[in-house]
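The sequence and structure are shown first.

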Amino acid sequence: MSEVYQPIHANKVALSRVAVLAESGHLTRILDSVIQKLSSDPKNLVLILTKAQILRQLGRLNEAGELFEEIGYSYEASLMKGEIPSCAPKQNLTPFVLASNPLPSSLIARIDADYRGSNELLCQDIVDEIFDHERDFVVNVGKRFFDNFQFTGADGRYLSYRTGDYFFAHRDDGPEGSDEAFRKLTVIHYLELKPGIRGGNVLLHDKDWSGWTLLCPKPGDVVCFPSSSIHEVTPLVSDGVRYQSGDVVRIAMPLWYRI
């Protein structure tokens, strides 16, 4: 398994400029400037679109969706509002779904008891049991994202994040001939986030790298996107709450469905 699937501490690999920008106050200052200009020119479509783009890059998806809908950007609006749009190739925004976790709490508790603190591959019996519970959801998402989507199996991993951990920009599929080459759909289950911790959000790059969407899942959420999408995970940061070195502060469980 590639090393990219292990959370990386901030002192090992440089963060991308985009990840730093997404979690800084710089975008908020730009947004304030756009809002001020809109106050004197409220019908300016360029300013409205700019505001919508900044809001999605800040992870404020509902607000962004309302603005996209206002100016007739139906594909972008449906994405931001949590709907499952058809994935038209001409669209630049990478499709995603941010929804409630379809797994029962009893299954999550059993997985957590077996894997807590680890970064291990899930055994196939667990993967099969997860899929039995989320089959309809996965099939629905896959058919809307891809033409002729048919899965042949899945693999998954339990990920334990600690303060300072992150993932640099990567994709979940792999080159031809690799074990990851047949991955088509990434489905990430978010199980836990300790109090006083922020970050660990998914930064999903646009197809041409011109922008991104920041997804801020809560415990109990699930995020889906094509495995070929470039994405990264922003660093986990403590807002004044002290945790011991090595304490697990966020738990996620990605599954990769294969064609």
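Strand E2 supplies 3 residues to the lining of the largest pocket, the largest share of any element. The structure is a predicted model, and the values below are computed from it.

**The largest pocket and Leu-98**

The space in the largest pocket amounts to about 200 Å³. It is lined by 15 residues, of which Leu-61, Asn-62, Met-80, Leu-98 and Lys-218 are the closest to the centre. At least two lining residues come from each of helix H4 (61-70), helix H5 (74-80) and strand E2.

Leu-98 belongs to strand E2, which covers residues 97-100. With a relative accessibility of 25%, Leu-98 counts as partly exposed, because that class lies between the cut-offs of 20% for buried and 50% for exposed. Beyond its neighbours within four places in sequence, Leu-98 is in contact with Leu-61, Pro-217, Asp-221, Val-222 and Val-223. Leu-61 is also among the residues closest to the centre of the largest pocket. Between Leu-98 and Val-187 the C-alpha to C-alpha distance is 9.9 Å, although 89 residues separate them in sequence.

**The cavity**

Rolling a probe the size of a water molecule over the atoms shows where empty space is left. Across the whole structure, the search finds 1 cavity of 30 Å³ or more. The largest cavity holds about 180 Å³ of space. Its lining comprises 16 residues, and those closest to the centre are Leu-159, Tyr-161, Phe-167, Ile-188 and Val-233. Two or more lining residues come from each of strand E4 (159-162), strand E5 (165-170), strand E6 (183-193), strand E11 (231-233) and strand E13 (248-258). Strand E13 gives the most, with 4 residues.

**Helix H6**

Which residues of helix H6 (residues 105-115) are buried? They are Leu-107, Ile-108, Ile-111, Asp-112 and Tyr-115. Viewed down the axis of H6, these buried residues fall within an arc of 135°, so they line one face of the helix. The face turned away from the buried side carries the exposed residues Ser-105, Ser-106, Ala-113 and Asp-114. The cover over the buried residues of H6 includes helix H7 (124-145), strand E6 and strand E13. Strands E6 and E13 also contribute to the lining of the largest cavity. Just after H6, Gly-117 adopts a positive phi of about 85°.

**Trp-209**

Most residues other than glycine have a negative phi, and most peptide bonds are trans. Trp-209, a residue other than glycine, has a positive phi near 65°. Trp-209 is located in the loop between strand E8 (202-205) and strand E9 (212-215). Its relative accessibility of 51% makes Trp-209 count as exposed, because the cut-off for that class is over 50%.

**Confidence**

The average pLDDT of the protein chain is 85, and 88% of the residues score at least 70. The pLDDT is below 50 over residues 1-5, a stretch that has 18 contacts in the model beyond near neighbours in sequence. Residues 7-14 also have pLDDT below 50, with 21 such contacts in the model. Where pLDDT is low, the predicted coordinates should not be read in detail.

How values were computed
Residues are numbered from 1 along each chain as its sequence is written. This is a predicted model: local features need pLDDT of at least 70, side-chain atom pairs count only at pLDDT 80 or more; totals for chains, interfaces and linings use all residues. Side-chain values use heavy atoms; hydrogens and water are left out. Buried means under 20% relative accessible area, exposed over 50%, partly exposed in between (1.4 Å probe, protein chains only). Contact means heavy atoms within 4.5 Å. On a 1 Å grid over the protein atoms alone, a cavity is a set of points where a 1.4 Å probe fits but cannot get out, and a pocket is an open set with protein on both sides within 12 Å along at least five of seven lines; lining residues have an atom within 4 Å of a point. Grid points are joined across faces, edges and corners, and a volume is the space filled by probe spheres set on the points. The arc is that of the directions from the helix axis to the C-beta atoms. pLDDT is the predictor's confidence in each residue, from 0 to 100.
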